[in-house]
Amino acid sequence: MVLFSCKNSIEEVKEIGEFEELPVKESYNVIYLRSQHGLVSNRLTAPLLEQYKNKKTIMPQGFLLEFLDSNLNTSAYLQAKYGEIINSENKMIARDSVILVNFKNEELYTEELTWQQDSAKIYTDKYIKIKREDVVIHGKGLESSEDFSKYVIKKVTGQYFLDEESVESPEKKKDD
């Protein structure tokens, strides 16, 4: 019989792998419902959710967040290829191909968006593009309600009308 003995210090073990950076919990095909005052307010769906020791939650394969009305109908949705929830700050950061769509089918496109859960606000300082039925608006920075029903673009950089009839010609204005 051969017996081997091995003695490693904690520092040597930590050198082999960074255990602080590994998730403490992984969940697959997740659907979370969040409620406020007894009413379901949103539904989060993600193929993979990783929770870390520092109370941060990562969705490395993307997510879909639906904002629900009192009848549980979707009033707006937010999707991205990557998400991060910082529980201590009550916020979610969406990154990479972020899309926010409201009940009027207005679409917001950006690379990063933050949802502040406790104030029900969404904001970004990044480049944005908003597609409406008749116009596309480009800008930098945005503040919005979480359902994207009311929003302010911080700096509009361009606006393009999609339908010629929606723009009044100078001759028509003179005739009025």
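1. Let's start with phenylalanine 63. Setting aside neighbours within four places in sequence, this residue is in contact with Leu44, Thr45, Ala46, Leu78, Gln79, Ala80, Tyr82, Gly83, Met92 and Ala94; contact here means heavy atoms within 4.5 Å.

2. A word on the basis before going further. This is a predicted model, in which local features need pLDDT of at least 70 and side-chain atom pairs count only at pLDDT 80 or more, while totals for chains, interfaces and linings use all residues. Residues are numbered from 1 along each chain as its sequence is written, and side-chain values use heavy atoms, with hydrogens and water left out.

3. Phe63 also turns up in the largest nonpolar core: of its 28 residues, Phe63, Leu78 and Ile130 touch the most other members. The elements giving two or more residues to this core are β2, β4, β5 (74–80), β7 (91–102), β8 (107–116), β9 (121–131), β10 (135–145) and β11 (151–161). The largest share, four residues, comes from β7. A nonpolar core is a set of buried Ala, Val, Leu, Ile, Met, Phe, Trp, Tyr and Cys residues joined through side-chain atoms within 4.5 Å, and buried means under 20% relative accessible area with a 1.4 Å probe, protein chains only.

4. On the overall layout, the chain has two helices and 11 strands. From the N terminus on, the order is α-β-β-β-β-β-β-β-β-β-β-β-α. Both kinds of element are DSSP runs, helices being H or I of at least four residues and strands E of at least two.

5. Now follow β2 (residues 39–51) through its pairings. With β1 (residues 25–36), β2 pairs in the antiparallel sense over 11 bridges, and serine 27 stands opposite leucine 49. Strands count as paired if DSSP finds at least two bridges between them. The β1–β2 hairpin has two residues between its strands, and histidine 37 in the turn has a positive phi of about 55°.

6. On its way to β3 (residues 56–59), β2 pairs antiparallel over two bridges, with glutamate 50 opposite isoleucine 58. Here the hairpin has four residues between the strands, and lysine 55 in the turn has a positive phi of about 70°. β2 is also joined by four bridges to β4 (residues 63–68), again antiparallel; leucine 44 has leucine 65 in β4 as its bridge partner.

7. Finally, the totals. Buried residues make up 36% of the 176 residues in the chain. The chain exposes about 12,000 Å², 50% of it supplied by carbon and sulfur atoms, by the Shrake-Rupley method with a 1.4 Å probe.

Technical notes: Buried means under 20% relative accessible area, exposed over 50%, partly exposed in between (1.4 Å probe, protein chains only).
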